[in-house]
6 protein chains.
Amino acid sequence: VADASRFFLESEQPPVAGSAVTIALEGSRPLAVEIQALVARSGPGNPRRATTGIDTNRVLMLIAVLARHAGVNLTAHDVYVNVAGGLRIEEPAADLAVAAALASSLRERPIRHGTVLAGELSLAGRVRHAGRAERRIAEARRIGFDRLVTGPGRDSDGNRPEGLVIATDIRAALALAMEPA
Amino acid sequence: VADASRFFLESEQPPVAGSAVTIALEGSRPLAVEIQALVARSGPGNPRRATTGIDTNRVLMLIAVLARHAGVNLTAHDVYVNVAGGLRIEEPAADLAVAAALASSLRERPIRHGTVLAGELSLAGRVRHAGRAERRIAEARRIGFDRLVTGPGRDSDGNRPEGLVIATDIRAALALAMEPA
Amino acid sequence: VADASRFFLESEQPPVAGSAVTIALEGSRPLAVEIQALVARSGPGNPRRATTGIDTNRVLMLIAVLARHAGVNLTAHDVYVNVAGGLRIEEPAADLAVAAALASSLRERPIRHGTVLAGELSLAGRVRHAGRAERRIAEARRIGFDRLVTGPGRDSDGNRPEGLVIATDIRAALALAMEPA
Amino acid sequence: VADASRFFLESEQPPVAGSAVTIALEGSRPLAVEIQALVARSGPGNPRRATTGIDTNRVLMLIAVLARHAGVNLTAHDVYVNVAGGLRIEEPAADLAVAAALASSLRERPIRHGTVLAGELSLAGRVRHAGRAERRIAEARRIGFDRLVTGPGRDSDGNRPEGLVIATDIRAALALAMEPA
Amino acid sequence: VADASRFFLESEQPPVAGSAVTIALEGSRPLAVEIQALVARSGPGNPRRATTGIDTNRVLMLIAVLARHAGVNLTAHDVYVNVAGGLRIEEPAADLAVAAALASSLRERPIRHGTVLAGELSLAGRVRHAGRAERRIAEARRIGFDRLVTGPGRDSDGNRPEGLVIATDIRAALALAMEPA
Amino acid sequence: VADASRFFLESEQPPVAGSAVTIALEGSRPLAVEIQALVARSGPGNPRRATTGIDTNRVLMLIAVLARHAGVNLTAHDVYVNVAGGLRIEEPAADLAVAAALASSLRERPIRHGTVLAGELSLAGRVRHAGRAERRIAEARRIGFDRLVTGPGRDSDGNRPEGLVIATDIRAALALAMEPA
């Protein structure tokens with residue numbers, strides 16, 4: 001964890017399009033993970049979809065959700081998704097960061113400074129609340145982020161920690177997460 | 001289980017097309033599981049079928065059953081099926097909810113409020129009774145549902161619990177499960 | 001076993017085309033298993049072949065045997081084969097029931113009332129005797145069937161139990177198993 | 001073993017095209033195994049190659065060897081290969097029986113009465129001697145066969161058992177194994 | 001390790017295009033590994049991508065990063081990547097050497113004498129600092145290399161060892177690693 | 001080992017095109033292994049590449065190396081590679097024998113009498129010295145071979161055993177290994 005956090009803290013480069021950070025849970029330990037997307041107009045033939053560190057079928061679904069519910073159309077683009085650091089993500093709460101990285105790459109606009117995302121997406125485009133949001137936002141804050149975009153709901157203790165930004169659906173989440181054009 | 005149930009109880013959003021709930025059995029413990037489907041007119045080339053949390057061949061069969069026995073034709077649509085929460089469903093009794101989610105997405109009509117579905121589908125379009133239906137309906141009721149659509153038959157104790165709605169075939173099951181247009 | 005048998009005993013629905021019952025052996029215990037087939041005229045492109053509960057290559061072979069040795073041609077049809085109840089069949093003796101379900105679905109004629117099938121098919125279209133036929137027919141009788149179609153031969157004790165119907169090849173087996181048109 | 005042998009002993013049917021028997025070694029125990037092939041003129045598109053009980057790549061190679069070194073051309077045929085009884089063959093010595101079954105099916109001429117085959121084929125079309133040939137021919141004789149076609153060589157004891165028929169290459173082996181037209 | 005090092009020390013051949021050396025970490029032990037690339041104008045149909053010793057999806061991504069961020073376009077080339085010595089590389093820090101080998105092969109210019117590379121690439125084309133760079137450069141020096149191209153950052157002890165050459169992005173890294181034309 | 005050696009010793013057949021022998025190391029035990037290749041003009045569609053006993057991707061690479069660095073072009077040929085005796089080869093030192101078998105089959109000229117090959121190929125076409133060459137040549141001699149073609153270098157003891165023939169690249173290795181036309 002220390003290592004992963006240090007990477008984010010030390011980086012002095014300006015944010016780039018196609019990169020989104022989520023706070024994953026490994027067991028109960030929060031871990032900052034960078035999701036990267038790269039989209040490029042595809043040539044003739046089927047567009048390419050290649051992923052490392054995340055299930056390709058999951059990405060296919062998120063691409064379909066973006067098209068149907070957020071007006072983000074990748075039909076004519078090759079799509080690459082990568083999880084930084086050689087990590088492998090299984091948790092559905094990474095959905096929101098993957099979708100945000102894809103939209104960010106297509107629109108060539110970076111995610112807003114200080115923003116992380118966590119929340120499962122349904123095929124109807126709704127965002128599900130990320131469990132243990134308090135732990136996630138605490139870790140985010142520790143490494144220099146101050147907003148966690150997630151879905152509606154509350155943690156078991158009924159509190160809504162400071163810094164939580166609630167989005168009901170994918171369209172709202174993208175609006176909250178991305179820099180205005 | 002608590003977690004899964006809480007998710008259904010807390011949700012205050014109106015029901016959406018393409019979502020159906022089944023009560024699965026993990027061993028003998030009932031568990032509410034949301035099945036999501038998304039269908040979209042496909043472009044040229046073979047229509048896409050991508051699934052997470054359920055065997056793709058199973059979904060191919062259910063698509064064929066829907067076409068033959070319920071007049072639900074997905075030949076010209078890309079089809080995505082997802083099991084919410086990152087769960088994996090192996091039980092054939094999930095068939096009915098998968099088929100209902102697909103039909104609901106295509107027709108853009110949500111499943112009726114308070115309705116869950118459980119029952120294996122045969123390739124002839126018949127619905128098989130979901131075992132331990134009494135336990136399933138009890139769990140459904142606990143989290144705010146009051147109807148369980150399943151196939152004909154009875155549990156080992158011979159009782160037919162209240163709230164059970166019996167459908168002999170897939171066409172009848174869809175009619176009972178979906179909102180009138 | 002009890003469960004599987006009860007399913008067959010309780011069912012009061014008329015027999016449907018595309019369904020055939022075999023008596024499988026799990027170790028030495030007989031088990032009634034329903035094989036379902038669904039065939040449908042295929043669109044342009046390669047016809048689809050999807051199976052659950054049985055090896056797809058096995059089904060490809062049986063389709064070829066049906067074409068060559070029984071005049072049952074599925075070249076222009078999508079083909080789905082399913083084993084009811086989420087079971088998985090490895091025993092070659094299921095061949096005859098799979099082939100009968102396929103022919104029954106194509107011809108839209110159900111298998112004769114009271115008939116089960118068991119026997120491996122060779123690529124030359126011959127039916128091999130199902131081992132322990134006496135145990136199989138006993139189980140079949142217990143749940144309401146009275147005829148077991150299988151290949152020539154005899155059990156180790158040299159007896160031929162009552163209810164055994166012998167077919168040398170696939171064409172004869174189908175004639176014995178299916179309702180006249 | 002008893003079972004497999006009995007099957008061959010009891011069979012009173014005339015030999016069919018597309019069937020060849022090998023004597024495999026399971027550890028050091030000989031076992032009679034029937035290899036079945038079915039070839040059929042293929043439709044448009046790539047010809048189909050489906051196998052059960054034997055590696056498909058192995059069969060692709062044997063098809064190439066037959067074309068190059070024996071004038072048996074299957075380019076325009078769908079090809080199915082099956083190992084009877086649900087067995088799985090890993091031993092390269094099964095090559096000769098697979099190749100003979102394929103040629104027998106294409107030419108519609110059965111393998112000669114009383115003949116079994118064992119021997120690995122090289123890509124140059126040469127037949128390698130089957131190890132422990134003495135044990136293999138003894139088992140063959142016990143169940144009613146009297147000739148074992150194999151490659152040149154001798155067993156560790158230097159004897160050449162009676163009934164061994166030696167073929168240097170695939171063309172010679174097929175000539176020795178098949179009925180004259 | 002001894003063996004791998006000796007290979008590099010003994011080689012008296014001039015450097016070739018398409019070869020790049022990385023210093024991998026096996027646990028905490030540094031190990032020199034040669035990455036080889038071969039690109040060749042592809043014929044009609046999809047260009048071929050084949051790899052041994054490294055995940056093919058990883059290479060697909062690096063090809064996309066080279067196209068987008070370094071002007072190295074392999075769309076019309078077959079691409080082969082191989083890890084020498086039958087090794088398998090999982091560490092993302094090998095990215096930079098793979099990308100350099102690909103660019104070197106396309107441009108037909110070798111990597112500069114004495115240069116090794118280590119660093120993960122992001123889909124935005126940025127180079128991440130290779131952890132334990134001090135150990136890596138020490139091993140590189142032991143076998144005759146004196147420059148390690150990697151990304152910005154520093155090791156846990158805060159030192160920047162001699163011989164480290166820092167590149168922020170893939171374009172800068174290639175310029176530093178390759179012989180001028 | 002005894003068995004494998006005996007096979008080579010006993011064989012009295014003239015050498016054939018498409019066959020090359022390597023001396024592999026199983027642990028530290030040397031083992032003579034025959035690599036077989038068969039190439040045939042391919043029909044329309046993608047040329048076929050099928051292998052048994054060796055990784056197909058490895059063969060794809062060797063085909064690319066032969067095209068680029070030795071003028072051996074297999075683009076329009078179906079290619080089959082087989083390891084005799086049902087063995088599986090993982091050692092990269094088998095590369096040289098695989099490449100030689102492929103070139104030998106295409107040119108229809110056998111490998112020179114008494115010659116074995118061992119050495120990993122780089123994508124640049126260079127031959128790497130086969131480790132423990134002394135043990136390999138000793139085994140080769142024991143079964144009737146007297147030349148081992150490999151890459152430049154020496155064994156750990158600094159000796160170069162008699163019978164070693166050194167080739168720096170694939171083109172030189174093929175010239176040394178094959179019969180003049």
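Student: Which conventions apply to the model and its numbering?

Tutor: This is a predicted model, in which local features need pLDDT of at least 70 and side-chain atom pairs count only at pLDDT 80 or more, while totals for chains, interfaces and linings use all residues. Residues are numbered from 1 along each chain as its sequence is written, chains are lettered from A and ligands numbered from 1 in the order in which they are written, and side-chain values use heavy atoms, with hydrogens and water left out.

Student: How many helices and strands does chain A have?

Tutor: Helices (H or I, at least four residues) and strands (E, at least two) are DSSP runs, numbered from the N terminus. Chain A has five helices and seven strands. Their order from the N terminus is α-β-β-β-α-β-α-β-α-β-β-α.

Student: What share of chain A is buried, and what share of its contacts joins residues 24 or more positions apart?

Tutor: A residue is buried under 20% relative accessible area, exposed over 50% and partly exposed in between (1.4 Å probe, protein chains only). Of the 181 residues in chain A, 55% are buried. Contact means heavy atoms within 4.5 Å. Among the contacts in chain A with a separation of 6 or more, 73% join residues 24 or more positions apart.

Student: How is the size of an interface expressed?

Tutor: It is often given as the accessible area lost when the parts come together. Here buried area is the accessible area (1.4 Å probe) that two parts lose on being put together, summed over both. Between chain E and chain A about 1900 Å² is buried, and carbon and sulfur atoms give 55% of that area. On the side of chain E, the residues that lose the most area to chain A are E:Leu123, E:Arg126 and E:Arg128, together 33% of what that side buries. The contact involves 21 residues from chain E and 22 residues from chain A.

Student: What are the corresponding values for chain A and chain B?

Tutor: Chain A and chain B also bury about 1900 Å², with 54% on carbon and sulfur atoms. A:Leu123, A:Arg126 and A:Arg128 supply 33% of the area that chain A buries against chain B, more than any other three residues. This contact draws 21 residues from chain A and 23 residues from chain B.

Student: Which residues form the salt bridge between chain E and chain A?

Tutor: A salt bridge is a side-chain nitrogen of Lys or Arg within 4 Å of a carboxyl oxygen of Asp or Glu. The rule finds one across the interface of chain E and chain A. It joins E:Arg68 to A:Glu108, with the closest N and O atoms 3.7 Å apart. Helix H2 (residues 56–70) of chain E gives the largest share of the side that touches chain A, eight residues. That side of chain E has nine nonpolar, four polar and eight charged residues; Ala, Val, Leu, Ile, Met, Phe, Trp, Tyr, Cys and Pro count as nonpolar, Asp, Glu, Lys and Arg as charged, and the others, Gly among them, as polar.

Student: Which side chains meet in the salt bridge between chain A and chain B?

Tutor: A:Arg68 and B:Glu108 meet there, at 3.7 Å from N to O. Helix H2 (residues 56–70) of chain A gives the most to the side that touches chain B, with eight residues.

Student: How are two copies of a chain related?

Tutor: In general, the relation is a rotation about an axis and a shift along it. Copies are superposed by least squares on the C-alpha atoms of residues with pLDDT of at least 70 in both. Chain E superposes on chain A by a rotation of 60 degrees with 0.0 Å of shift along the axis (RMSD 0.0 Å). The two copies are therefore related as by a six-fold rotation axis. In chain E, the C-alpha of E:Gly45 is nearest the axis, 9.5 Å from it.

Student: Is E:Ser104 buried or exposed, and which backbone atom of E:Gly18 does its side chain reach?

Tutor: E:Ser104 belongs to helix H3 (residues 95–107) of chain E. Because its relative accessible area is 0%, E:Ser104 is buried. Its side chain reaches the backbone nitrogen of E:Gly18 at 2.7 Å and the backbone oxygen of E:Arg109 at 2.7 Å. Apart from neighbours within four places in sequence, E:Ser104 is in contact with residues including E:Val16, E:Pro110 and E:Met178.

Note on methods
Polar contact = N/O pair within 3.5 Å; in protein donor to acceptor, adjacent residues only side chain to side chain.
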